[in-house]
Structure formats: C-alpha cells, structure tokens
Amino acid sequence: MSVAATHFNYLAVVVLMMIGLYVLFSTRNLIKQMIGLGLFQTSTALFYISLGKVSGGTAAIKIYADSVEGRMLAAPLDPDFVQQFGVGGVVYSNPLPHVLILTAIVVGVATLSVGLSIAVRIREAYGTVEADEIEAVTRVDAARVGRDP
Amino acid sequence: MILFEALYVAPPALTAQAPILVIAGPLIGACAAALSPGGRTAWVVSVLTAVFALWMAVAVAGEVAREGAIDYALGGFAPPMGIALRIDALGATMALLIASVGLMGALYSGHALESEVRAEKRTLFQSGYLVCLAGFLGLVLTGDAFNAFVFLEVSSIGTYALVAVGEARDRRALPAAFNYLIFGTVGATLYVLGVGFLYAATGTLNLADMAPRLAALGDNSAVQAGLAFIVAGLGVKAAMFPLHGWLLGAYAGAPSLVSVFLAATATKAAIYLIIRFVFGVFPEGEFGENFLRWILAPLAAAAVIICSMQAIFEREVRRILAFSSVAQVGFILLGASLATTAGLSAGVFYLVAHALMKGALFMAVGAFAISVRARTVEDFSGIAREAPWSAAAFAVGAASLVGAPLTMGFLAKWSLVSSALQAGEIWIVVVLAIGSLLTLIYVGRILEAMFFRAPVRGAERASEAPVGVLVPLFVFSGLSLWFGVDATLPASLANASASVLMGEAP
C-alpha cells in the first residue's frame, strides 16, 4: 500500500495543522484567529489518537474473551496476533494517548475561553476586533505617550 | 548545594511531602484568594501562600542536597508508570529562584496594585498570580514530559489574564495579551507534538526513563523531529530570538508586578525546560552538537546584538527593558550552547543573576509609576531627585545588567567569558563584549536622564514609593550586590546543576 493509504491519519494531521496555521496568520480578525488556533490544537489531538491505535484493537474497557463481544472482536484477527498483543485474549488500543489528549482538550478549552474573553475586552476598549484597526489606534496611542498629561 | 545540606527547616513527615506541597500550596492559595472578600485579604493570602511555597522549596532543596535527586511518585503510583516529580539540583535551584521571586512579588503587590489594577479585579488578580506561581513551580519540579506541558499551560493561561489586567493603565495591554496567547498556544502545541514524537519512539513520558531509551535508539529521525518541535515550541515561551515578538508588548503593557514576575520566572522556566531536554534527555551525538553549534549559538548571538541595538533606539523604558530581556536570554543560551560543565554553570548563574537584576529594574519602574505617569526616557528625567531610594535601586540593577564590578552581573559575565575561553570559542567572547557595550549605551541613556537631567514633566512630581514597595525592591538589588561580592550560594547551586546536567552527579 502507498504511504497515503497507510499513513492517512498523519496526512490529515499535517493538512489540518497547516489549515489552522494559515487561518491564524492570514486573517486579521481576532475571532477567526481563535478558530484557526482551535484547528491547530485539534490536529495534535488527532495525532495522539492515531499514535495510540492498535490495528484491530478496541477501546480499553475490560472485555472477557469468552463473552459474545470478545469472540466477535477476536474473530477477524489472526490468533497469533491476539496472543502477542492481547490482554486476556482481547486486543486493546493504547489508552494513554487518549487520556493525554483529554487533558490537552481541557487546556485548549481554557485557552479558547481566555482568548475569547480578552477579545471581548478588546472590543470594549477599541470598538473593533480587527487587528488592523487596533494597530492603527495603537500607533496613535504610542505617539501620544509622554505628551498627554 | 552544600549550604543546604545541614538545613532541616521542616519536620521529616512534612519534608517527605514537600515536593507536591510546593505546587499544591499555591493552587489551594489561589482558590482561597479568589474567595476572599476584598483586595487586602487576598493580598494577605497571597503573601502567606508564597511564604509557604518558599518554605517548602527550601525543605526540598535540603533533601536534594542530602540525597541527590528525589523521586516523588504522585498518588503512590511508582514511575515510570505513574506521573512522578523528579527534583535534582537544577530543579531545586529553579524552584528556590521562582519561589523567592514569587514571595517578593507578592509583598510588592500590596501597594503596587493600587495604582495599576482596578479595585474589583484585585482579588482575582492575586488568585491568578498564585496559579501562575503554581504553574512555574510545577514546571521545574515535574519529571514527566506531558505533565510539564500541563504546568506550562497552567502558568501561561494565568499570565495571559495577568497581562490583560494591565489595561487599567494602558489599553495596549489587551492586544498584547491576545498576541501572547496566540504565540504561547502555538508554542505549547508544538511542544506537545514534539513530546508525541518522543512518546511514539520510546513509549514513555517519564524524562528519566526516556533518556536511556533515546540513547539506545541512536540516530532516529522521529526523535530528531521531536527535538526540533520541542525546542521551537519552548523557544516561543522562552522568548528565544527570533520567536520573541510577543514579549515586547506583554512586558510593556502588563502591570509592573507581572513584568517583574514574567521577566524573572516565565522565560527562565522555559529556558530550564529547553536545557533539561537538550542536555538531560537527548543522547549526546553529532545531531545535538550540530544543533547547539549551528542553531542555538548563532540565534543567541543574534539576540544579543540585534535586540540590544533595538533597545538603544527605543523610547519607552519598559520596552527597553523588554528588548534587553531578549538579549539577556541570548547570553544565557550562549553559555548553555558551549555544552561544557563550566558553560552550563555560567548559564545557570547568569539566569539567576538576570532574574534578580531584571526584577529590581521592573520593580523600580513600577515604584515610579505609583506616583507619576512616566513611560519614556524623557519622562524619567530628574526622577532620581524626587525618588532617590527607588532610583538608587534601579541604578544597582542597571549596573548589574551592564556587568559593573562588585555586582552579580559582573561575576555572571566573567564566568561566561572564562568558560567560553576554556572551550576555545573566541567569537562568543567577542559577542559578549559587544553585547555588554550596547547594554552600557541603552542603560546609560536611562541613568543619564534619571540622575543628570532636570525634570521635564511639568507640574507632575514623583514621590518616593511606600515602604512595602521599597523592601522587595531593595531585596532584589541588595542581593545583586551581595552575590557580586560573595557568590558562594548561587555559584554552588549553578555548579551542582551543571554537573547534574552533564551526568557527573545524580
């Protein structure tokens, strides 16, 4: 199989990440910048989840190998593979990256909310969320420094 | 470290839990501060919490001095499976530095906030300050790569909010905070990606466990990509040239307490993590050497020269100090890029020296700001006659920044020069000399205006800052002088840190 087929997830990560970065640096609207930032962060989530996937593996919730579900999961898999990588006859995906990314998502939500609330305050102070207009006002502010009482 | 060996500051049962209490204390304090009825109560909570954090940090340092590195398994899950705090000489040094700066900042905030932060925001400000403190302390104590990311973001989210609070004085703080948030988050995300690469290659997140596994892998492009992502990501947080764009607005716009705290801890904690990864985790080899020689060292040298030049042509005092911070980060990284024990020791020593002197400088600027709206160099004219004590403390910090003899800055530059000569890197000595001369020019401009020019501020007169502000200010500049004469304490900490990093001691 070609790289595109075997590493499809990772290509998606790269594409998503680049879209996020492009949005972040091409738009001058603060809200759209936050959207780009969110996309950029989400791409790492996909990266971690892809790392943790074991082919044929299921979510890391205890399943008995002799249960209906356990037999259903094991049916399409090579018995040697199950023997080598399985735990108690069932193959699980690596749950650690999921946990890590859960934390990273929480961090992302916190960043997003702080960013948006700063954007709200910027709107109150400057009357706009366009970076160009804010910069124009800032230049006036900077020129006034030291002169106004 | 030897000085801490005989130091038993807490009962053994408490000392055993001290590593986590250093972090948990400020986090609990942050909740208490947020719930307090008014700004004064929150301030008292903040000071008490900072005292507790410093006490615990000293207890940890004592344990590290006696035992070598400490492993603290969180929740009783043994590493490498569980998350562990791992504290060695370098971590203990950083924790001591951050906790001391945290305490001085908390003391200073009592009066300094009144002119810079809206009354209704002061309780939450103290809460955010303690969250930041917990984040930075956690960052330097943890032994887990992903845990470090969480602490990095805990502290960063706190600092974004703290910088934005500066809008009461200067509304440019808001776009600066937003900009900082964008850059900081991109940096942190790159760091997570880098950690993902290392995790994919080694299957562990524990730094001590990762190092031997990486060494066994040898030349591996995933590991090298991981290093690139991690250094680029942390470089943003450390204001490593040319990733320092966010720092200027943030330092200039934030309340002066936040500038003090960021200048003395935020970039330092990120530099710590870079040094930890490059020297403590990555295996020695051609790739690492080339990275230090051809990427880190030239960028650091460019920071020293270019940002010092920019500082010379800047009008606003806070922005001059911010540019100077980027240049000083360059000095620290130049020392580290030598990759010798002497060079690393000089880098760590410089890091402590810079935290003290930049802390003093930003505190003095904040002390002036209490009574007068002074922003540009012209505004500072004649301020030494109106507020002589703050001006004297500023002058001491400035002298240390230039590297005048009898200050800590002199010893820091001296050890950098001697370690560069030892390593045979003459060009680093030349960069250091040029950088110091440029520092003299921009610092000289401010000092000349302060001490030798007549005031031009019209009717507005500066007055001396209250005692509550002067005490922490004098502690910083006093330590800059004291360590300039007797540097036993910082030098022994720096040497112990360097030998840990170079693998000569546990």
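Okay, let's start with two helices in chain B: the axes of α6(B) and α9(B), residues 245-253, come within 8 Å and cross at roughly 145°. By axes I mean lines fitted to C-alpha atoms, for helices over the stretch in contact, with angles running from 0 to 180 degrees between N-to-C directions. Before I go on, this is a predicted model, where local features need pLDDT of at least 70, side-chain atom pairs count only at pLDDT 80 or more, and totals for chains, interfaces and linings use all residues. Residues are numbered from 1 along each chain as its sequence is written, while chains are lettered from A and ligands numbered from 1 in the order in which they are written.

Helices here are DSSP runs of H or I with at least four residues, strands are runs of E with at least two, and both are numbered from the N terminus.

Back to our pair. α6(B) passes α9(B) in a left-handed crossing, that is, the near helix is turned anticlockwise from the far one by less than a right angle; clockwise would be right-handed. Which residues of α6(B) and α9(B) meet? On the α6(B) side, they include Y180(B), F183(B) and G184(B), and on the α9(B) side, W246(B), G249(B) and A250(B) are among them. Contact means that the C-beta atoms of two residues, placed from the backbone, lie within 7 Å. By class, that contact has eight nonpolar, five polar and no charged residues. For those classes, Ala, Val, Leu, Ile, Met, Phe, Trp, Tyr, Cys and Pro are nonpolar, Asp, Glu, Lys and Arg are charged, and the others, Gly among them, are polar.

Now, the interface. 29 residues of chain B are in contact with 28 residues of chain A. Which elements give two or more residues to the chain B side? Those are α5 (145-165) and α6 (173-202) of chain B. α6(B) gives the most, with 14 residues. This side of chain B has 17 nonpolar, four polar and eight charged residues.

Chain B as a whole has 19 helices and two strands. Its radius of gyration, taken over C-alpha atoms, is 21 Å, close to the 23 Å that the globule rule gives for 506 residues, so chain B is as compact as a globular protein of that length. The globule rule is 2.2 Å times the number of residues to the power 0.38. Buried residues make up 65% of chain B, where buried takes 20 or more other C-beta atoms within 10 Å of a residue's own, exposed is 12 or fewer, partly exposed is in between, and C-beta atoms are placed from the backbone.

And the strands? β1(B), residues 70-73, and β2(B), residues 84-87, pair in the antiparallel sense over four bridges; pairing needs at least two DSSP bridges.

Chain A comes to seven helices and zero strands. A compact globule of 149 residues would have a radius of gyration near 15 Å, but chain A has 24 Å. Its C-alpha trace spans about 80 × 35 × 20 Å along the principal axes, and 25% of its residues count as buried.
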